[in-house]
Amino acid sequence: MGAQVFNNPKDHEVLSRLFEYVLGGKGGIVMDFFAGSGTTAEAVFELCARTGLNCSVILVQLPELLEDNFKAATGSAKTTIQNAIKLLEDLDKPLTIAELTKLRVQRAGAQVLAKRQASDWNGDVGFRAFTVDTTNKAIVETSPEATEQQQLAGLIDTFKSERSSIDILFEALLDSGLDVTSSVASETVGKHEVLDFDDGFMLACLDDEIDDEVVRAIAMRKPATAIFKDSGFGNDDERINAMQVFALLAPDAVVKVL
Ligand SMILES: C[S@@+](CC[C@H](N)C(=O)[O-])C[C@H]1O[C@@H](n2cnc3c(N)ncnc32)[C@H](O)[C@@H]1O
């Protein structure tokens, strides 16, 4: 990290040896629910590079505000948090411990990869960072008494306007019990974004104003599952047309309209 930016980070070499002992020569998933500076990830990367095991790691960390911690800290602990704030400010990152965790995992991964010895390890130091939040689905349940005329327009979209297509896709993956570590690629078809999950297993277009071009392009690729937004179709006719395109071009595909 280039400076002391976390108070009391644990020893990653000791942890790495401990994980090796506990895993007993088998791969596995190591989970740390109090991730802090992310030492567990570096320890797992080192374990994999050393032994050739392929392990996954799950870190959970609160986005604790460093500025609050700074106010409460004294002495050298204060200097450490100041270093952390400077590091994240220089990188234009939010000033939270969770950002430090991500940064450490990225830098430790690159470092372990750079000095790895020949082993069977797949060298995968990539990771995804998720934030626990409320559902992406807009709350549309209401009663006539509680609804003003001008509110009706806001009840059309089934998803919260501030949520991205990727947010919606990952909720759909979780709902479908699919592996959130699988590949996700984004491509453009006409004026639309198509999200490709797991090399074409699931294709999603979560844009508005869906047109025939993108529906046909997705159907032609015969995904196992295709996902669209209900509010993406201008009207029922367009939605029915899309279903008919799939019936013709990809009859085995499961088409989900969220
Ligand atoms: C003692 S530190 C962990 C240090 C870590 N082992 C390391 O080597 O850097 C504990 C961390 O757990 C986080 N934490 C505390 N309660 C938590 C919770 N309920 N969920 C997630 N993280 C939490 C704190 O923000 C703190 O960063």
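The lining of the largest pocket has 24 nonpolar, 12 polar and 10 charged residues. This is a predicted model. The pocket's volume is about 1900 Å³. Its lining counts 46 residues, and those closest to its centre are L59, R128, A129, F130 and T131.

**Where the largest pocket lies**

Four elements each supply at least two lining residues: α2 (39–51), β2 (56–59), α5 (97–114) and α6 (165–175).

**The second largest pocket**

Here the volume is about 260 Å³. The lining consists of M1, A3, Q4, V5, F6, P9, S37, E42, R104, R107, A108 and Q111. Helix α5 gives the largest share of this lining, four residues. By class, six lining residues are nonpolar, three are polar and three are charged. α5 also supplies at least two residues to the lining of the largest pocket.

**The ligand**

The ligand is surrounded by 13 residues. Closest are K10, S37, T39, Q61 and E64. By class, this shell has seven nonpolar, four polar and two charged residues. S37 is also named in the lining of the second largest pocket.

Which side chains place a polar atom by an oxygen atom of the ligand? S37, Q61 and E64 each do. The table gives the distances.

| Residue | Side-chain atom | Ligand atom | Distance |
|---|---|---|---|
| S37 | polar atom | oxygen | 2.6 Å |
| Q61 | polar atom | oxygen | 2.8 Å |
| E64 | N or O atom | oxygen | 2.4 Å |

How much of the ligand's accessible area does the protein cover? On its own, the ligand has 600 Å² of accessible area, and the protein covers 72% of that.

**In brief**

Around the ligand, S37 sits with a polar side-chain atom 2.6 Å from a ligand oxygen, Q61 with one at 2.8 Å, and E64 with an N or O atom at 2.4 Å.

How values were computed:
Residues numbered from 1 in each chain as written. Predicted model: local features only at pLDDT ≥ 70, side-chain atom pairs only at ≥ 80, totals over all residues. Heavy atoms only, no water. 1 Å grid on protein atoms, 1.4 Å probe; cavity = no way out; pocket = protein on both sides within 12 Å on 5 of 7 lines; lining within 4 Å. Points joined across faces, edges and corners; volume = space filled by probe spheres on them. Nonpolar A, V, L, I, M, F, W, Y, C, P; charged D, E, K, R; others polar. Near = heavy atom within 4 Å. Polar contact = N/O pair within 3.5 Å; in protein donor to acceptor, adjacent residues only side chain to side chain. Areas by Shrake-Rupley, 256 points an atom, 1.4 Å probe, with all protein chains shown as cover.
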